[in-house]
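Subject: Structure handover

Hello,

The structure we discussed is below, with the sequence. My notes on it follow.

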Amino acid sequence: MTEFWLISAPGEKTCQQTWDKMMMATTHTTNLSTNNKFNIPDLKVGTLDVLVGLSDELAKLDTFVESVVKKVAQYMADVLEDSRDKIQENLLANGVDLVTYVTRFQWDMAKYPIKQSLKNISEIISKQVSQIDNDLKARASAYNNLKGNLQNLERKNAGSLLTRSLADIVKKEDFVLDSEYLLTMLVVVPKMNYVEWQKTYETLSDMVVPRSTNLLFEDHDSGLFSVTLFRKAIDDFKHKARENKFTVRDFQYNDEEMKADKEEMTRLSTDKKKQFGPLVRWLKVNFSEAFIAWIHIKALRVFVESVLRYGLPVNFQAMLLQPHKKNMKKLREVLYELYKHLDSSAAIIDAAMDIPGLNLSQQEYYPYVYYKIDCNLLDFKF
């Protein structure tokens, strides 16, 4: 299970005591969850007004960054196509799997200097992830266009003989070319009608060249036959062929056009292969960047909400719980019993009220600071 609960509770005599108490309640006797300390550095607090405003901004930024993380992950899956089993090894954060990164979280001082204000740090993250989002749109658009054009050509070269491109099937020697009077036509004949075709094709018009038919190609259902006749008999031949359930393909052999089609297919296929490697590398790097930014947003939110709820001086312990799936309800009850004393006003708070910094109207309210982190970022299961 890849769901984590990121919570905080005020330090008692020491933050270690807060940690020990929570461990005792959730693991030592009950085994409800696997827990890790979540290390948040000493960030600049700023004024209460700024914290209240920042609380709402961070909630929106959290939603946006999570959406970008999921978009990059999903597009990675789309690009890998048949190699989706390899996606987990590509979706890493700082070179490690997501669970390891979250459970061993360390604040990145180089990217997000803690001497900066909380607002500045959130703006750094916002700009960084917005850039990733914009770059993803541009790169995905270019690659999807290339992929779409290639798929269209591949569709033309597959499918039924009634509709598919014939460029890779027919050869120059199959046709009578540069004749003033004669023309080679291509006819699709259902397999069950082969005998009928051989019996009747010479009589479908007065001007069919005897013994001029050849089977050039066949698929599951039909065969492609060539037949040579005089140009003046074309319309009559088409009409009679249709009456006998033979389908004449409108096709004229043109060496230049067929060569151009093949070259276009080769060019698109080569371009797709060339772009694939750099695109996957870009997705790997920027997934990592976006995911790291997302977890730093969670850390910021825990810090801001903890100061708003528990007051100054800053004294709280942030903790990361990985609930054991069958025990989630029990874990929630244990946490409530452990921390219900933090919420002396719970009886008079109306959950429909919108109190800045508490986001009561957007999510269920708990007496402790709580955020969920779900590391299962894709729509499909492996």
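What share of the 382 residues of the chain counts as buried? The figure is 45%. Please keep in mind that this is a predicted model.

Overall form. The chain holds nine helices and eight strands. Its radius of gyration is 34 Å, whereas the globule rule gives 21 Å for 382 residues, so the chain is more spread out than a compact globule. Along the principal axes, the C-alpha atoms fill a box of roughly 105 × 40 × 35 Å.

Contacts, surface and charge. If we take the contacts between residues at least 6 apart in sequence, 80% of them join residues at least 24 apart. The chain exposes about 20700 Å², and 51% of that comes from carbon and sulfur atoms. There are 51 positive and 52 negative charges, and their mean positions lie 4 Å apart.

Strand E5. This strand covers residues 222-230. Eight of its nine residues are buried, so E5 is largely enclosed by the rest of the structure. Which strands pair with E5? One is E3 (residues 182-190), which runs antiparallel to E5 over nine bridges. Within this pairing, Thr184 has Thr228 of E5 as its bridge partner. Another is E4 (residues 214-218), also antiparallel to E5, over four bridges. Here Glu218 stands opposite Gly223 of E5, and a hairpin of three residues joins E4 to E5.

Regards

Note on methods:
Residues are numbered from 1 along each chain as its sequence is written. This is a predicted model: local features need pLDDT of at least 70, side-chain atom pairs count only at pLDDT 80 or more; totals for chains, interfaces and linings use all residues. Side-chain values use heavy atoms; hydrogens and water are left out. Helices (H or I, at least four residues) and strands (E, at least two) are DSSP runs, numbered from the N terminus. The radius of gyration is taken over C-alpha atoms; the globule rule is 2.2 Å times the number of residues to the power 0.38. Buried means under 20% relative accessible area, exposed over 50%, partly exposed in between (1.4 Å probe, protein chains only). Contact means heavy atoms within 4.5 Å. Accessible areas come from the Shrake-Rupley method with a 1.4 Å probe; for residues, only the protein chains shown count as cover. Lys and Arg count as positive and Asp and Glu as negative; His and the chain ends are not counted. The place of a charge is taken as NZ of Lys, CZ of Arg, CG of Asp or CD of Glu. Two strands pair if DSSP finds at least two bridges between them.
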